[in-house]
Structure formats: C-alpha cells, structure tokens
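This report covers aromatic contacts, surface features and overall composition. It begins with the surface and then turns to the ring pairs.

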Amino acid sequence: MKLLIWLNLLLFCHVASTVKHSLKIFSTATSGVPNFPEFMAAAMVDEVLGGYCGSNIETPEPKQDWVRKLVKDEPQHLEWYFIQCLGSQQSFRANLDSLKQRLNQTGDVHIFQRMVGCEWDDETGEVVGFSQYGYNGEDFLVLDLQTLTWTAPKQQAFITKRRWDNDKATLEFNKHYVNNLCPVLLKKYLHYGRSFLQRTERPSVSLLQKTPSSPVSCHATGFYPDRAMMFWRRDGEEIHEDVDLGEILPNHDGSFQMSVKLNLSSVAPEDWRRYDCVFHLSGVVDDIVTRLDKAVIRTNWVPPAGFPAGPVIGVVVGLLLLAVCIARLFIWRRNNNGFRPAKRPFNHV
C-alpha cells in the first residue's frame, strides 16, 4: 500500500469486516514545508485519531475522552508518550537529513514517513502486523514478516535495505512488536474506547451536483463505524456502469463520509425516477434509500446571466481531516512496579 504524502496519509483502504480492529501508528518528518511542524506523530485506533504529538507542541495531546480516561488511570502513559515522541522526533529528523544528503537533495519539500501497527480479528484471534516506510510520497521500505527482510521498491532504498537486513536484533524486535505487543495495546485501547468505538451512527445523505451536466453525487456524512457500502440502483437493481465509488474518508469528529457518483449524460430526464442511491451501514438493518429527484439536488452552480436564477444552495462536500501523524507507539513491558517503556532499537537509513 502506498504511503502517500502527508495530507493523504490517512486515506487507507477500509475493511468491510465487522470484527477486525486496527492500531496504526504514523510518523512524519518534513523538510521545506512552510508553516508546518518538522515532525508530527499520531495513533489511530479503528481509524479514529486517539492522540498526537509533534515538534510544535510541548506534550502529547489525547484527542478522545476515553484516551483521557486511560491517561488518568495510568498517568505514566502520557510520560511515555512524551519520551517516545521526543526520541522519534530526533531519529526521524536524522533519517530525513541522511536521505537528503545521500541522494544529493537540497531545498524543495521532502517527507519521510512510517506506518506501523496491527490488525486483530476479535472473532478468530488472527493478528496481522505491518511496518513500512515512505519517502516523498512513494514506498521506501516494507517489512516482510515471514522472511524478516525488508523489501525495497526503489533503487534509492537498497543501501538501507542491506543495512537493516543485517540488523537481526531490530528485525526480531519489530516482529515481536507488531505480532505481540501491538495487539496487547490495541485490546487495551478497545477496552477503554468500547462505548465510543462500538457505537453506531447513521449519516445524513444528500444529492450533490456541481453543474447541470456534471455527475450526481450521493454523499453520506456523519456515519460510524467505517464499515459501510454505498451504491446506485436502477429499477431496484444495483448498477456499476457510469458509477464512480469514492473512498471512505474520516471527518474531524471521528465519524466518516463517502460518496458515489452517477453519470447521467446518457439518461433521459424522464428516466431519472428509475434511479435511487442506497447507503448500507454494517450492523444496521434498515438501509437509507434516496430517490434521484432533480428538485432535491443541492448545487453551488450559479446560472449564467440571462438564465432563470432559481434556488441555489451553497454546499461544502469534502471535509479534510488534519492527518497529524505519529511516532512510535509506546511499548510497555510488565515489571514489579507496573509498566515501563521497553527499549527499542533505532534504525539509521
């Protein structure tokens, strides 16, 4: 999976299963981006932002009430976030500078990223771990957990691959983290956030159109969880021709949005009534069905001078979630006094 540049960092594919949960840790170091932190890090639980840290804030900031409850119950948690975030900031900046020097790159915008974490199926118990790096919007290194070697999609990463493949201790640490420690942390977060993460919220659905000749977009926003489907029907049958299904995207409040477009250029106006849009949310019996009706379509199109004005409604369609992304998650191990941060190796590129 591509590690896109910072503003697209969170747009990962969403799994339709009702029992899979995920913990994803994102880290991003930047160079040459004006008015933007040089380092930011964030933790996502089931695609919901739990907390973040960065070079622009003094201490990590929990972003959900259930994370604040966890920190209250385990005060050392926030301290570990601070220690790990500070260490990640230093290491990621060093790696970014090293890559720029090796590739003889100066000025312009450069971005070094990491995504690490796991998925856990609470029905089967299956755990799938992952760890991968990106540079300037492209895959840089991906860890193969079966062979415990790094895959380098680009020639520029071969030097790093050879170096990291020989670091057996760090490879074993990465394997243990994503396969064992990450699921433990994920289950802890799911326990604290169960009332929030296991809720169900139905969306508001609207029909949108940029101009009278543009495709009609069926847009749903405010739903949770992200396990949802959306499609167009004609005469009650799902259609795929002239249909463009968008990704499920996060909203700022932890809910989600998605759209599916229908190209009506070859459909006669009198046949519009044969079409409807269906939104299905996993675990909810009743679908939301929206009939295609020109009278309810919302648009920001303004007719040219000389044309009847008619009602025009301003619409904001895309909500951009600030993908403040993450450092390393805090790895704990139990001792006689509770939990303490485990030492973790640092890879130099």
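A nonpolar patch is made of residues with over 30% relative accessible area and no salt bridge, whose nonpolar side chains are joined within 5 Å. In this predicted model, Phe-82, Ile-83 and Leu-86 form such a patch on the surface, and together they have about 250 Å² of accessible area. Phe-82 belongs to helix H2, which covers residues 76-102. With a relative accessible area of 37%, Phe-82 is partly exposed.

Helix H2 also holds Gln-90. Gln-90 has a relative accessible area of 52% and is exposed, since exposed means over 50%. The C-alpha atoms of Gln-90 and Phe-39 are 8.9 Å apart, although the two residues are separated by 51 residues in sequence. Another pair of this kind is Lys-20 and Glu-123, which are 103 residues apart along the chain and have their C-alpha atoms separated by 8.2 Å. Lys-20 is found in strand S1, residues 20-31, and is partly exposed at 33% relative accessibility.

**Overall composition**

The protein has five helices and 19 strands. It comprises 349 residues, of which 48% count as buried. Its accessible surface comes to about 17,700 Å², and carbon and sulfur atoms account for 52% of that surface. Among contacts with a separation of 6 or more, 60% are between residues 24 or more positions apart.

**Aromatic pairs**

A pair of aromatic rings is described by the distance of the centres and the angle of the planes. Rings count as paired if their centres lie within 6.5 Å, and by this rule there are 12 aromatic pairs. Tyr-133 and Trp-164 have ring centres 5.1 Å apart and planes at 65°, so the pair is edge-to-face. Tyr-133 lies in strand S6 (residues 127-135) and Trp-164 in helix H3 (residues 158-165), so this pair ties together parts that are 31 residues apart in sequence. Tyr-133 is buried at a relative accessible area of 5%, and Trp-164 is buried at 2%.

Phe-223 and Phe-256 form a tilted pair, with 6.4 Å from centre to centre and 35° between the planes. Phe-223 lies in strand S10 (residues 216-223) and Phe-256 in strand S15 (residues 256-262), so the pair ties together parts that are 33 residues apart in sequence. Both of these phenylalanines are buried.

The two pairs are set out below.

| Pair | Centre distance | Plane angle | Class |
|---|---|---|---|
| Tyr-133 and Trp-164 | 5.1 Å | 65° | edge-to-face |
| Phe-223 and Phe-256 | 6.4 Å | 35° | tilted |

Which residues do ring pairs link into a cluster? The cluster consists of Phe-39, Phe-92, Phe-112, Tyr-133, Tyr-135, Phe-140, Trp-150 and Trp-164.

**A charge over rings**

Arg-199 is placed over two rings. Arg-199 lies over the face of Phe-196, at 3.9 Å from the ring centre. The charged end of Arg-199 also sits over the ring of Tyr-224, 3.9 Å from its centre.

Note on methods:
Residues are numbered from 1 along each chain as its sequence is written. This is a predicted model: local features need pLDDT of at least 70, side-chain atom pairs count only at pLDDT 80 or more; totals for chains, interfaces and linings use all residues. Side-chain values use heavy atoms; hydrogens and water are left out. Rings of Phe, Tyr and Trp (its six-membered ring) pair if their centres lie within 6.5 Å; planes under 30 degrees apart count as stacked, over 60 as edge-to-face and the rest as tilted. Helices (H or I, at least four residues) and strands (E, at least two) are DSSP runs, numbered from the N terminus. Buried means under 20% relative accessible area, exposed over 50%, partly exposed in between (1.4 Å probe, protein chains only). A charge sits over a ring if NZ of Lys or CZ of Arg is within 6 Å of the ring centre and within 35 degrees of the ring normal. Contact means heavy atoms within 4.5 Å. Accessible areas come from the Shrake-Rupley method with a 1.4 Å probe; for residues, only the protein chains shown count as cover. Patches are made of residues with over 30% relative accessible area and no salt bridge: like charges are joined within 9 Å, nonpolar side chains (Val, Leu, Ile, Met, Phe, Trp, Tyr) within 5 Å. A salt bridge is a side-chain nitrogen of Lys or Arg within 4 Å of a carboxyl oxygen of Asp or Glu.
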